[in-house]
Amino acid sequence: MEVSGIANKEKDLYINEQIRAKEVMVIGPNGEQLGIKDIKDALTLANYAGFDLVLISPNAKPQVCKIMDYNKYKYESKKKQKENMKKQRESNLEVKEYRLSVTIDKHDFDTRVRNSSKYLEKGHKIKVSIRFKGREMAHPELGKEVLLRFAKEVEEIAIIDQQPKMEGRFMTMMLIPNKEK
């Protein structure tokens with residue numbers, strides 16, 4: 001362990017001999033205040049308890065240190081951080097896009113329905129789009145029929161979040177997983 005005045009990378013907490021203050025307010029392992037102590041006395045108390053002396057509040061006068069198991073503290077903080085990342089990932093569900101065409105074949109259509117169903121069951125959103133080419137632009141109602149037929153195929157597990165709408169040469173529709181299932 002490095003004993004310089006530079007804090008370790010873990011949230012810049014100083015521990016044991018890294019603390020440079022002469023006097024510190026000491027908090028015991030159970031949260032009780034032990035009062036203002038000389039740094040040597042505080043280190044002795046921490047060693048006697050079998051824990052580390054960790055600088056919690058470096059800006060306070062006097063600086064506040066807590067007697068705790070530093071490795072356990074690091075482990076629990078990493079565990080909380082992973083849990084928060086997991087929750088964040090769940091809230092930022094992905095949107096998978098499936099492209100169809102006005103003249104899509106039955107087998108291709110069924111394959112896209114089957115793949116999107118698997119994705120919807122995982123809880124992700126689906127964006128279904130149709131790109132109109134050439135003279136297909138004259139008949140957007142055909143594209144809308146294909147999109148609504150797609151929605152009808154997956155209506156057991158999904159509901160329409162955004163009705164089909166035209167955006168330039170594309171017509172898009174959003175589907176979200178059905179919460180009731």
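Colleague: Just after α1, what phi does G50 take?
Modeller: This is a predicted model, in which local features need pLDDT of at least 70, side-chain atom pairs count only at pLDDT 80 or more, and totals for chains, interfaces and linings use all residues. Residues are numbered from 1 along each chain as its sequence is written, and side-chain values use heavy atoms, without hydrogens and water. Helices (H or I, at least four residues) and strands (E, at least two) are DSSP runs numbered from the N terminus. Just after α1, G50 has a positive phi of about 85°.

Colleague: How wide an arc do the buried residues of α1 cover around the axis?
Modeller: In α1 (residues 39-49), I39, A42, L43 and A46 are buried (under 20% relative accessible area; exposed is over 50%, partly exposed in between; 1.4 Å probe, protein chains only). They lie on the same side of α1 because their arc, taken from the directions from the helix axis to the C-beta atoms, is only 100°.

Colleague: Which residues are exposed on the other side of α1?
Modeller: The buried residues of α1 pack against β1, β2, β3 and β4. On the other side, the exposed residues are K40, T44 and Y48.

Colleague: In the salt bridge of K106 with D110, how far apart are the closest N and O atoms?
Modeller: A salt bridge requires a side-chain nitrogen of Lys or Arg within 4 Å of a carboxyl oxygen of Asp or Glu. K106 and D110 are four residues apart in α3, and therefore separated by about one helical turn. K106 is exposed at 51% relative accessibility, whereas D110 is partly exposed at 26%. Their closest N and O atoms are separated by 3.1 Å.

Definitions and conventions:
Contact means heavy atoms within 4.5 Å.
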